[in-house]
Amino acid sequence: MSDPSILDRPDLAERIRARDPEALQVVVETYLTQILRAARGAGLKPQEAEDVAQNTFTTFVESAERFEGRSHVRTWVFGILYRKISETRRKLGKDRQIDDIDEVFESRFDENGGWSQPPRAADVELEAKQTREEISDCLEAAPSKQRMAFVLREVEGLSSDEICKILEVSSTNLGVMLFRLRNRVRECLEARWAA
Amino acid sequence: MLNCKETAHAVSTEDVVPVGWRQRLAVRLHLMMCRHCRRYAQQMQAMGNAARDVFQHPPEDPSSPESPENLAKLQSDILDRLMQPPKHPDSDN
């Protein structure tokens, strides 16, 4: 592993532009795993994930002249990644346009806002095991932007501010996206816990 | 006093939508008193834990680029490509 402090140095953009091998190596070593995880989270197949990772780094190097070190490298890399993933999902026609989870959520409550269909109680340990097994399948139903928001938040633990910059959304918008994704996945898991 | 719907909504967004202390307190109080909402909150938590667990490990699929061998190969392929002089992006594959 080369010296990761290169990422914080002011000459990073310059070194990337010059295709400095050490700087390129640090960037790829630091972010490749996270990129592949996010691509998997967004529902890409192994080959698609590899292509997207490859293209993300190519664009990263090509756009180095526009990077002045103002934003953190990670925000910049993930911003590129997000755009590549959206392109891929669009090309593959994978994203469903209709999001009915708001109505599903509403239907769980009565007119006073109390539960009319409360969350199912199940065996907690069994449920945790099933959650691990089923979560990837249950994520599959959600749009890729929501999935990416979820993975960046839950798996990579990025701050709300950074995710908003990467996905180019407001924090209110991010809240709506995560609300929809989490409730959609919860509904899906619950249906499977009951099965 | 928050109702269940408001509580569930708050619970599923509170880590990204900043709220004041009054709201946070109201959510905690409701959770203390309501087992359905507590259960909902636990499920939200479990979902995050499961995602971390699942995504932090490479999948068992041997074609996954996240498996250690494939990862090393992909990394060196990417570096080889990046170090070549610029040409038509995305055209060779």
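**A friendly note on chains A and B**

1. Let us start with one residue: A:Arg17 belongs to helix H1 of chain A, residues 12-17. Helices here are DSSP runs of H or I with at least four residues, strands are runs of E with at least two, and both are numbered from the N terminus. Please keep in mind that this is a predicted model, where local features need pLDDT of at least 70 and side-chain atom pairs count only at pLDDT 80 or more, while totals for chains, interfaces and linings use all residues. Residues are numbered from 1 along each chain as its sequence is written, and chains are lettered from A and ligands numbered from 1 in the order in which they are written.

2. What surrounds A:Arg17? With 16 other C-beta atoms within 10 Å, A:Arg17 is partly exposed (buried means 20 or more other C-beta atoms within 10 Å of a residue's own, exposed means 12 or fewer, and partly exposed lies in between, with C-beta atoms placed from the backbone). Leaving aside residues up to four places away in sequence, A:Arg17 touches A:Ala64 and A:Glu65; a contact means that two C-beta atoms, placed from the backbone, lie within 7 Å. A:Gln130 is 113 residues from A:Arg17 in sequence, and 47 Å separates the two in space, C-alpha to C-alpha.

3. Now to chain A as a whole. Its domain assignment gives domain 1 as 4-91 and domain 2 as 101-194, with bounds that come from an automatic or database domain assignment. The C-alpha centres of domain 1 and domain 2 of chain A are 27 Å apart. Domain 1 of chain A puts 14 residues into the contact and domain 2 of chain A puts in 13 residues.

4. On the domain 1 side of that contact in chain A, the elements giving two or more residues are helix H2 (21-41) and helix H4 (73-91) of chain A. H4(A) gives the most, with 7 residues. By class, this side of domain 1 has 5 nonpolar, 7 polar and 2 charged residues. Here Ala, Val, Leu, Ile, Met, Phe, Trp, Tyr, Cys and Pro count as nonpolar, Asp, Glu, Lys and Arg as charged, and the others, Gly among them, as polar.

5. Chain B has 4 helices and 0 strands, in the order α-α-α-α along the sequence. Its radius of gyration is 23 Å, well over the 12 Å that the globule rule gives for 93 residues, so chain B is more spread out than a compact globule (the radius is taken over C-alpha atoms, and the rule is 2.2 Å times the number of residues to the power 0.38). The C-alpha trace of chain B spans about 65 × 30 × 20 Å along its principal axes. Of the 93 residues in chain B, 28% are buried.

6. Within chain B, helix H1 (residues 4-13) and helix H2 (residues 21-33) pack at an angle of about 115 degrees, with axes 10 Å apart. The contact uses B:Thr7, B:Ala10 and B:Val11 from H1(B), together with B:Gln23, B:Val27, B:His30 and B:Leu31 from H2(B). It has 4 nonpolar, 3 polar and no charged residues. The axes are lines fitted to C-alpha atoms, for helices over the stretch in contact, with angles from 0 to 180 degrees between N-to-C directions.

7. Finally, how do the chains meet? In all, 40 residues of chain B are in contact with 51 residues of chain A. H1, helix H3 (35-55) and helix H4 (68-83) of chain B are the elements that give two or more residues to the chain B side. The largest share of that side, 14 residues, comes from H3(B).
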